[in-house]
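Please look through the sequence and the model shown below. The report that follows takes up charged pairs, a ligand site, a set of strands and a surface patch in turn.

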Amino acid sequence: MMSLLSFRNLGAARSLPAIIGLFAVALLTVPDLAAGWQLGFRLQLGLVWALYAFQLARGLFQRQRGQVTPDTNLPNVIAVVVPALALIWPATRPDAAIFCGVWVLKPLGDLTAFRLVLRVLANEARNLFGVMSIFGIILFVASFFAYLLEHAAQPDTFRSIPQAMWWAITTLTTTGYGDAIPQSLFGRILAGTVMMCGIGVFALWAAILATGFAEELRRQDFILVWKLVADVPLFATLPHRDLAEIVRALKPRRLPAGSVICSKGQMGNEMFFLQEGTVSIAASPPVTLGPGQYFGEMALISGEPRSATVTAATPVTLLALHISDFQLLIDEGSGLADAVRQTAEDRRRSRAET
Ligand code: CMP
């Protein structure tokens, strides 16, 4: 879930000015706000606008020098131009500050989460459309019967099938504003049935979206790991089928310099492929491993405790392989297992010799 973590940090930091600005926009609409507060909130808006104007100007300048920058994206241009126009346009309503509401586009444009939602909706469009059709059919049937059962008793509320649809929607979504209530026994039985159907339809929707999100995140992680795996020479010779399997099994991990990855004497249940950075192995003599190399295999093969403490000498990106997945690879007779076994044997021999 590395991708998820990184977008959370980034999106939240970039969205902060927009959140501050939108907060002021909302509070400025409160009637009878004290003059001091009004001034404070307008100042807040001015500062956020100045920041956006600076970012846009910097972006335009960088563009002129041929650099690619997200600062000149459409939401950024809108964020500066719309409030400025609203302020100088003579026909604008007196509360021009409300136009700063366009800043809501800024976090939407920045958030990877938003793009993720759009991708999930696009991927699941067919299934969502299927559930929408069921919703439409239930809506029509419910309105039809509500009209038949209630029209005579409540001709104003259930005047036509389209009007009964309002009742059907509020009932299907279990919102129930209480402005239209069936009075006949059968009308109430219908209402109960429609509510149950509504819960079912929304549960289906939620299930489709949840599965879609999980799938998309898994796919993103898969692509990320696939790219990392490409840098590990040991995997270069693997056939595509084995490679896909190992990519699914590997978990990326980023650690700062100085982190202890495994300690001598502890039982080990993972081995690690080093994608970026270097690690120090406290063997005698000490060993340093770099990108493309791996460690932690000896404990998995022998079942003995870790033979040495391994520490990150620089910030590192590792791909961790759990013992159960390692065992699967061995059982399938993959060439990778033989290579790892051979390395473990060589390392054991070199340790014994020193
Ligand atoms: P393991 O014993 O599971 O945990 C510590 C790891 O350090 C070990 O597996 C090896 O992968 C690695 N290691 C230990 N000694 C050496 C060595 N002499 N040369 C290279 N790697 C080593």
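Asp346 is partly exposed, with a relative accessible area of 36%, where partly exposed stands between buried (under 20% relative accessible area) and exposed (over 50%), taken with a 1.4 Å probe and protein chains only. Arg349 is likewise partly exposed, at 43%, and Arg349 forms a salt bridge with Asp346 in which the closest N and O atoms are 3.8 Å apart. The term salt bridge is used for a side-chain nitrogen of Lys or Arg within 4 Å of a carboxyl oxygen of Asp or Glu. Both residues lie in helix α12, three residues apart, which is about one turn of the helix; helices (H or I, at least four residues) and strands (E, at least two) are DSSP runs, numbered from the N terminus.

This is a predicted model, in which local features need pLDDT of at least 70 and side-chain atom pairs count only at pLDDT 80 or more, while totals for chains, interfaces and linings use all residues. Residues are numbered from 1 along each chain as its sequence is written, and side-chain values use heavy atoms, with hydrogens and water left out.

## Other salt bridges

By the rule given above, the count comes to 12 salt bridges. One of them joins Arg348 and Glu304, whose side chains meet at 4.0 Å, N to O. This pair links distant parts of the chain, 44 residues apart, with Arg348 in helix α12 (residues 335-353) and Glu304 in the loop between α10 (297-302) and β7 (310-312). Arg348 is partly exposed at 31% relative accessible area, and Glu304 is also partly exposed, at 43%.

In helix α8, Arg219 and Glu215 lie four residues apart, about one turn of the helix, and they form a salt bridge with their closest N and O atoms 3.6 Å apart. Arg219 has a relative accessible area of 36%, and Glu215 has 32%.

## The ligand site

There are 14 residues around the ligand, of which Gly296, Glu297, Ala299, Arg306 and Ser307 come nearest; a residue is near a molecule or strand if one of its heavy atoms lies within 4 Å of it. A polar side-chain atom of Glu297 lies 2.6 Å from an oxygen atom of the ligand, a polar backbone atom of Ala299 is 2.9 Å from a ligand oxygen atom, and an N or O atom in the side chain of Arg347 is 3.1 Å from an oxygen atom of the ligand. The protein covers 95% of the 450 Å² of accessible area that the ligand has on its own.

## Strand β3 and its partners

Strand β3 (residues 270-276) is largely enclosed by the rest of the structure, because six of its seven residues are buried. Six bridges join β3 to strand β8 (residues 316-322), and the two run antiparallel, with Met271 standing opposite Leu321 in β8. β3 also pairs in the antiparallel sense with strand β6 (residues 294-295), over two bridges, and here Phe273 stands opposite Tyr294. Two strands are said to pair if DSSP finds at least two bridges between them.

## A nonpolar surface patch

Helix α6 (125-150) and helix α8 (185-229) each supply at least two residues of the patch, and α6 gives the most, with seven. Phe144 has its place in helix α6 and is partly exposed, at 33%.

Conventions. A polar contact is a pair of N or O atoms within 3.5 Å; within protein, one must be able to donate a hydrogen and the other to accept it, and residues adjacent in sequence count only if both atoms are side-chain atoms. Accessible areas come from the Shrake-Rupley method with a 1.4 Å probe; for residues, only the protein chains shown count as cover.
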